[in-house]
Amino acid sequence: MQALDLARWQFAITTVYHFLFVPITIGMSFLVAGMQTAWYRTNKVKYLRATKFFGKLFLINFAIGVVTGIVQEFQFGMNWSSYSRFVGDIFGAPLAMEGLIAFFLESTFLGLWIFGWDRLPKKIHLASIWLAATGTLLSAYFILAANAWMQHPVGYVINVEKGRAELTSIVEVLTQKTALATFFHTIPSAIFTGGAFIAAISAWLIIKKKDIEMARPTLKLGAVTMILSFIVISVTGDYTAKIMTEQQPMKMAAAEALYETTSNAPLSLLTIGTLDGTRSVFQIDVPSVLSFMATGDVDGTVKGINDLQKEYEQTYGPGDYTPNIPIAYWGFRLMIGFGALAFLFAALVLWQMRKGGLPHGRWLLPAMISMPFLPLLANSFGWIFTESARQPWAVFGLIKTEDGVSAVVSAGSVLFTMIVFTLLYGVLAFIEIGLVLKVIKNGPATELDYEDPQLGGSDSKPLVMAY
Amino acid sequence: MSLETTWFLLIAVLWIGYFILEGFDFGVGILLPFVSKNEADRRAVLTTLGPVWDGNEVWLLVAGGATFAAFPEWYATLFSGFYLPLFLILISLIVRGVAFEYRSKYGKAQWRQRWDIAIVISSLIPALLWGVAFANIVRGVPLEKSAEGHIEYVGGFFNLLNPYALLGGVVTLSVFITHGAIFLSLKTAGEIRVRARAIALKVGLVAALAAVSFLLWTNMMLPAIDGVVVVLSLVVALSWVAGLAMTLRGREGWAFIFSAGTILTFVSTLFFALYPRVMPSSLGAAFDLTIRNASSTPYTLKVMTVVAVIMTPLVLLYQGWTYWVFRKRVSASQITNPERGVLDTASHILHQ
């Protein structure tokens, strides 16, 4: 394999892995903040137990999210230095802003929250988790704006002499509709993921008859969060699909394996294509749905892959502009499918909980064990779809992925680092899952309400939190 | 002052902040087994870092991001060129962060010992390699113009392991260990404090020797005697001597200020020696990366300046406040049941 292919694999592995932890962090930080707010407002110890129990799980997860994020900051320079030279004037800005505005906020206030139980007055301690959660949100915003610019570059000019794209409007980069749509699609997905974690773990506690007093309200919180965020995900997902059809028609065509331009385009439920990928041999379709999804009109015309390929050859010169169709097609479907399945579980649980009931039935245990993984799979497939179906472009229409790779890094170096990252990430996942299962198995600990600490705490009393 | 110079300064400030803050984190990590006699000691030592290490590390991420935004050519050439050292640093930072968070979750002695070894090694590697990397940048590495017109690193991994760079590594390693020991003497009570102070004095002398040789070498390496670099080098030495003297007299707060001041002036010396270059080439000045040929457009620099001017004071304020909140010394006696991990159920508690 060439350095290019290895660098692509490395980016895929490290980024997909990192993004398993990111949505859990974003989602759970807000939900744990909500639990602590409930405790602060009501003084009910069950909410303190919930805060500490889910807080523990949140932090075990956060540790891996943070450290794998460091790699992301430097990977562009290491493996993708030609890309970095081309886009740095634009792409670097949101990254630097993310660090300065979001990372500092998130890390500093999370440190205060973890170690501040006996050092901060309750009110300030509560504010710390909210500020940390806000940090995760801001971080997502800046990095999604940077990604949106790769999907749909705006606010730039090309400097031919320097061979790079140059920023002309930061406002356009940060507020273009692609960035906003992605943000309002990704954030509810993260909240959905956090909700699924909390719901599934709470349901497990109920099945095991552990601390039902705490687990019932947290199950409800998780399930309601999932229902509400799923509605937002669906609405913004639909909007994102329309933007995508307008800005990257090839991506939409690939998602649907639509080879020929069609009006009343059907939504494909199953497609099997020929090996050369230019023709499908077997399809099950629902008439007109794709046209409606892509254009908002059942008679709308959706361009097919073959026509787009010809069109792009005329615009950008000879070359292959067709992304990997099976990945796009299945990625799109698995994203929706896994998300919808988790939503269904949440709806069932809520239905059973009406009128003070508890969830029950033989389906509950297997469903709850699979529930945390469903949104993770949906998130991953969503990103795999949207990134792979932009190919061959790194930045749509401006620079191809193959032209972005580092010129001076050998295939051997990339292979070596990829193997080490993969092994290390594997070991960390193994350890992390072990710790998470242990926390769940132990269940919530007994907590006692306590006096409001003074700012700074004491230097002789036993520490509530020590490494 | 031109925008490019402003950003050169800002990036210097970010690295200074990073080395002062994560410098003592590295030192404390390396010293973990050497200042502790028992489990309570080890946990007290790690607890001094607990609330702050992650925020300290963000200085690195921002330095990286700011370099990407302000000097994309520098970012691209540096990190693709110094590929393996940077990779080793990244691996270390990954292991280190997880080790802090996970080591005390269980009480099992083997579990904790393994993480402790991980903490020592993963603190030592970056403490050494950052010095090697910066010394190489100052010394100049083989850079050449590629066919595409970009200035690229054309040396290999072993080019980076020259005597001057290795000496630079010894400087950062020994300075960070001393800085960490002084931090511990300031932040702990009881025996850890006494042990940390003794180590600060011993390693501090090694660091003094290494730093003086390195600065002499640096001054002689420059094409002409540069007055500012000479003066800065002297301030580095004086500040270090003052830090050690204050440690000897038990004035730990002052000692810390001086060791932080040493790092500040040391990194400033290197950046002054560089200016206006960001990565000089050993193959001729024509291939130097400078603040001009590596920089972003004035528009991007202006945007980033606005963001930096608003955010940096705010960050300093709340990060400084964190240190104030956690200003109390940590002592081993405050750690109840040190052998017990939060995830241990009663039957798993370690009996020693």
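Predicted model: local features only at pLDDT ≥ 70, side-chain atom pairs only at ≥ 80, totals over all residues.
**Entry 1: where the chains meet**

I looked up the contact between the two chains first. Chain B puts 68 residues into it and chain A puts in 67. By residue type, I noted 39 nonpolar, 20 polar and 9 charged on the side of chain B.

**Entry 2: one helix pair across the contact**

Two packed helices are described by the angle between their axes and the distance between the axes. I looked up both values for helix H3 (residues 81-115) of chain A and helix H4 (residues 72-81) of chain B: the axes come within 8 Å and cross at roughly 145°. The crossing of H3(A) and H4(B) is right-handed. From H3(A), I wrote down A:Ser81, A:Ser84, A:Arg85, A:Gly88, A:Asp89 and A:Gly92. They meet B:Pro72, B:Glu73, B:Tyr75, B:Ala76, B:Phe79 and B:Ser80 in H4(B). The residues of this helix contact divide into 4 nonpolar, 5 polar and 3 charged.

**Entry 3: the nonpolar core**

I then looked for the largest nonpolar core and found that it has 277 residues. A:Ala96, A:Ala199 and B:Ala211 have the most contacts inside this core. H3(A) provides its largest share, 21 residues. The core also draws at least three residues from each of domain 1 and domain 2 of chain A.

Leaving out residues up to four places away in sequence, A:Ala199 touches A:Leu219, A:Gly222, A:Ala223, A:Met226, A:Ala346, A:Val349 and A:Met371.

**Entry 4: the domains of chain A**

Chain A is divided into domain 1 (3-248 + 385-442) and domain 2 (251-323). I noted 31 Å between their centres, taken over C-alpha atoms. In the contact between these domains, 12 residues of domain 1 face 12 residues of domain 2. On the domain 1 side, helix H7 (212-247) and helix H13 (373-388) each give two or more residues. H7(A) gives the most, with 5 residues. I recorded 5 nonpolar, 4 polar and 3 charged residues on that side.

**Entry 5: A:Leu138**

A:Leu138 sits in helix H4 (residues 122-151) of chain A. Apart from neighbours within four places in sequence, A:Leu138 is in contact with A:Ile101, A:Ala102 and A:Leu105. A:Ile101 is 37 residues away along the chain, yet its C-alpha atom is 7.4 Å from that of A:Leu138.

**Entry 6: backbone exceptions**

Most residues other than glycine have a negative phi, and most peptide bonds are trans. I looked up some exceptions.

- A cis peptide bond joins A:Gln391 and A:Pro392, with omega about 10°. A:Pro392 is in the loop between H13 and strand E7 (393-395) of chain A.
- The bond from B:Tyr275 to B:Pro276 is also cis, with omega near 0°. B:Pro276 is in the loop between helix H10 (252-274) and strand E3 (277-279) of chain B.
- A:Lys209 has a positive phi of about 55°. A:Lys209 lies in the loop between helix H6 (177-207) and H7 of chain A, and I noted it as exposed because it has 9 other C-beta atoms within 10 Å.
- B:Asn337 has a positive phi near 45°. B:Asn337 is in the segment after H11 of chain B, and its 13 C-beta neighbours inside 10 Å make it partly exposed.

How values were computed
Residues numbered from 1 in each chain as written. Chains lettered and ligands numbered in written order. Axes fitted to C-alpha atoms, helices over the stretch in contact; angles between N-to-C directions. Helix = DSSP H or I, 4+ residues; strand = E, 2+ residues; numbered from the N terminus. Left-handed = near helix turned anticlockwise from the far one by under 90°. Contact = placed C-beta atoms within 7 Å. Nonpolar A, V, L, I, M, F, W, Y, C, P; charged D, E, K, R; others polar. Core = buried A, V, L, I, M, F, W, Y, C linked by C-beta atoms within 7 Å. Buried ≥ 20, exposed ≤ 12 C-beta atoms within 10 Å, placed from the backbone. Domains from an automatic or database assignment.
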